[in-house]
Each structure stands twice: as structure tokens, then as C-alpha cells.
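Reader: I have a structure open and would like to go through it. Can we start with a salt bridge?

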Amino acid sequence: MGSRRALAALFLVTAAGAALRFATLDRQSFWLDELVTVSLLDRGLGDVLGEIRETEATPYLYYLLAWPWARIAGFGEVGLRSLSALLGTLTVPVAYAAGTAFATRRVGLIAASLVSVHPLLVWYSQEARSYALLVLLGACTVLFLGRALQEPRGVDLAGWAVASSLAIATHYFAVFLVLAEAGWLVARLRPRRPAVLASLVPIAVLAAHLPLLLAQRGNGEAVAGASLLSRIAGVPKALVVGYSFPLEVAGSVLAALLLLAGLALFAYRTPPAIRRGAVVAGSVALVAAAVPLLAALAGADYLVARNVVAAIVPGAICVGAGYAAGRLGLAAGGALCALLLAITLGVSLDERYGRTDWRGAAERLERAEVARAIVVTPFQSRSLWRPYLPGLQEPSGPEVTVAEIVVVGLATEGGFSGRAVEPPDVDAPAGPAGFVLVETDRTPTLTLFRYRAGGPTELSTAALERLRLVDQQPGILLQPPSPDTSSHPRRTPWPRPSVLGAG
């Protein structure tokens, strides 16, 4: 494939990847982890860095980029997520360059096409968290590794050392990718001294992060909420087709068959010179995904798909080498790209497969005509409600006085369970004495029941907890009556940075 044709095709693939990432940034609400990001960034930079040690399970680099970005682009979904969308878009040409370094332009273009439409990569390109930055920096390490193995130059080893260090400063799980790459550099390059020296740089960065890592050690334990067996099965599936989506079983089986076809072509039809380079990329992907699995089996259980998402780019290069081996491979690769595109569009446009709809709940609770108690599952503190519903309070004692109760049950994020999670399909619980059910609202993302009393009524928080719609600890929040805003424009749903933490 000529360089001009390849670059023209890369431009189209990158543009498609950008459209998938930017066009639907505001379709879904912030979910829990993103609301944590919002609450962190709405502080002074020193306070942000101090709070990361107590609440997060990742290093500082993403927040050092997101803090000034939010002050320029804004704190709404589009503003905060646009950083991840940009990083995710940049990953597409980097994947092309990496595939070209390991194999050929055709392999690079196939890898870039897979990255452009990949459901999991698009998902995290639309999330205000560190994963898109991890994938981009991981792809950069793969690029410099491929160049260094082709022609060992100081500039490529330096680029690899810098990219590896930045990846580790973004997410601790980058270390598995980096150690696999360092092993190849030390094993292949002669003399070994430059490779060893380059490898010592990210090792030193990891060592510098050890005090922070140990302090955060308990912050990542929530990933083990599902059984280890279900996550062992779910992580490979997510790395191929993402989380939940319409017609998931059929789509997953078809994707698995197309992937196996690519690997078979890689083993039997790929020219040896191309296969040698692609084997390196494939082994790096395998180590980055498999070592966390083995660690989980040994008791250090932090296994979840988002932590190993950096394995996708080197994996795409490996299978791309199989798809590049003739017309049959190109047809299989094209079919997989079309399937991944359909999955990505299905998830982006169907709210049943999206993030927990905190925004939709807040829109139904925006105005309170009387003192209101909110009983909501899943639990969320008032500080995390502030971007959508400022002014909430928490009960200060075992008794509250309200004239209205709103009970809300939201569908949790379906992706982590491998299926779309419906909101609670239950009948309205019996209200406390003096409260009458006045509204029922069911949507694909939430179930809501509203109760009214004739006037302010004293209730125990225990009585409110018994109204929960699922067997989980609910959040109990109090909402004072809204001021009369009939003569004023409706409040914008996107607070400005200066007032985001008010309430």
C-alpha cells in the first residue's frame, strides 16, 4: 500500500473515530466515578493532589491535565469528557504508526481501524477518568518499542522510557505492559546497556510512586464486587467487544469467530518477517492482560476490564497482521470492524446500555414544592449529587420532618455485569402513615415513586430506609423547598466552575 493512500485512509479512519467519540459526549449522565472526578477537580490543585491519596486508586498525571482543562472547557459532561475524547482520537494514528513499525502500513491501518471503532475504547474516550490517557500512552510505548526493535536508536529508547514513565504515572497497571516491553528490549537489543538504562527510568518512576500506591491500596478494592470467576470470563469478552450491548450473545459469538479467524490466518498465512514483529506486540498484550488475572488468582485481586484496557492496541496489531494476509483476512477484518462499529453505535444511542442516569433522576427532582426526603439506590452522597442537584442535605439525626418522599431506584451501569441492567421492576412500597402515593414514573433507566402528606410529618430514617426498592443500602437525602423561580429562567443543568461545589 502506497504511503499517500495509507495516509488518506488513516485520515478517514481517524475522522470516524473522532466522530464516534465527540458526537455523543452529552448523551449519558456522569456515572459514580466521573462524579468523583468532578468533585475532585472543583478544588484548588493542591487540594486535588491531597485528596487523590485518600480517595483514588491511580496516580496524579490525569488530574494534572484535567484540572486546567476543566477550567477552560467547563465542568459539564462535554467539557470534562472532551479531554478523554481527544486522547482517544489521538490513539488511532498512534496505533497506525505502531502497527507500521512492527509490520507494514496495511497492518497499521487495520489496527487503527479496529481502535477507531472499538466499543471499549470509545466507552472510555467518553468518560472523565484516566483510562483514555492510559491507552494513548500505552500505545506510544508500543510504537517506540516497535521502532527500537527495528532499528535501535537513542531517540526511540528515550521516547519509550518517557512514554512508559508517563503511562505508569497515569495508572499502575501500565507496569505490566511496560515490563513486557522492557523484557523484549533487553532480550533483543545489542549492546544491552542502552536498553537496560532505558528500562531503569520507568522502574524508578514506579519506585517513586510506591508510597502513594501503598496509601491507596485499599481504594481499589471495590473492583472485586463481582465474583472472580465472572470477571475472568468477562474481561476477555470486554477486551474484544466491550461491555453490554444489544444482541450481546450473538454479537460476542460472531466477534469471537472473526477474532479466531484472524489468529488462524496469523499463524498459517502471515509471512514470517511480519509474524516475527507481530508476535512481539501480541505477547505484550497477553502479558498486560494475563498477569493481572494470575495476580487475582494469587489473592491480589484488582482484575477488571478497565484496568487492562491498554492491552487492546498491541492486541489489535497482532490480529491485524493476520487480517492483512490476503483477501480472506481483509474480509474478516472488515467484518469485525463493521460489527464493532454496530456495537459502538448501539451502546451510544440506546440508553439501556449506558451509564447510571443520575442526570435523569435529578431532572425529576429539580424543584421541591415542600420539604422532601429522597430515598435512592444505588447510594450516593450529597457531595456527588452537587453537579446535578445542589442544595441537598443529609439527616442530622434519626428523625426528619418532611411533607414529601421520593423513592428512586436507578439501573446500575450495565456494562460491568455484561448485560443491560433494568431499573427495579417492583410495585410501590406502602408509604408511611399519613403519606399517599401520588406519582409513579418508570423509564428505561429509573423507577420513581412520589408520596405526599397533608403537611410536615416527622419520620424516622429507619422508616425511610424500608422504602428502598432493592436490597441495597439506600441514600437518604433531604431537599428543602425550592425558592420561587417562576419569574426567572430555569436553572442551567451545567453549573459554572465557581458554583459547582455550592450547596
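Author: R452 forms a salt bridge with E404, and their closest N and O atoms are 2.4 Å apart. A salt bridge here is a side-chain nitrogen of Lys or Arg within 4 Å of a carboxyl oxygen of Asp or Glu. R452 lies in strand 4 (residues 446-460) and E404 in strand 2 (residues 399-410), so the pair ties together parts that are 48 residues apart in sequence. Helices (H or I, at least four residues) and strands (E, at least two) are DSSP runs, numbered from the N terminus.

Reader: Before going on, what kind of model is this?

Author: This is a predicted model, in which local features need pLDDT of at least 70, side-chain atom pairs count only at pLDDT 80 or more, and totals for chains, interfaces and linings use all residues. Residues are numbered from 1 along each chain as its sequence is written, and side-chain values use heavy atoms, with hydrogens and water left out.

Reader: Back to the pair. Is E404 buried or exposed?

Author: E404 counts as buried, at 1% relative accessibility. R452 is partly exposed, at 28%. Buried means under 20% relative accessible area, exposed over 50%, and partly exposed in between (1.4 Å probe, protein chains only).

Reader: Which residues are in a network with them?

Author: E369, R372, E404, E439, R450 and R452 are linked by salt bridges.

Reader: How many salt bridges are there by this rule?

Author: The count is 17. One of them joins R129 and E56, with the closest N and O atoms 2.9 Å apart. R129 is in the loop between helix 7 (119-125) and helix 8 (131-150), and E56 is in the loop between helix 3 (45-55) and helix 4 (61-73), so this pair ties together parts that are 73 residues apart in sequence. Both R129 and E56 are buried.

Reader: New topic. How many helices and strands does the protein have?

Author: There are 19 helices and five strands. Of the 503 residues, 53% are buried.

Reader: And what is the mean pLDDT?

Author: The mean is 92, and 93% of the residues reach 70 or more. pLDDT is the predictor's confidence in each residue, from 0 to 100.

Reader: Where does pLDDT stay under 50?

Author: Over residues 485-503, for which the model has 27 contacts beyond four places in sequence. A contact means heavy atoms within 4.5 Å. Where pLDDT is low, the predicted coordinates should not be read in detail.
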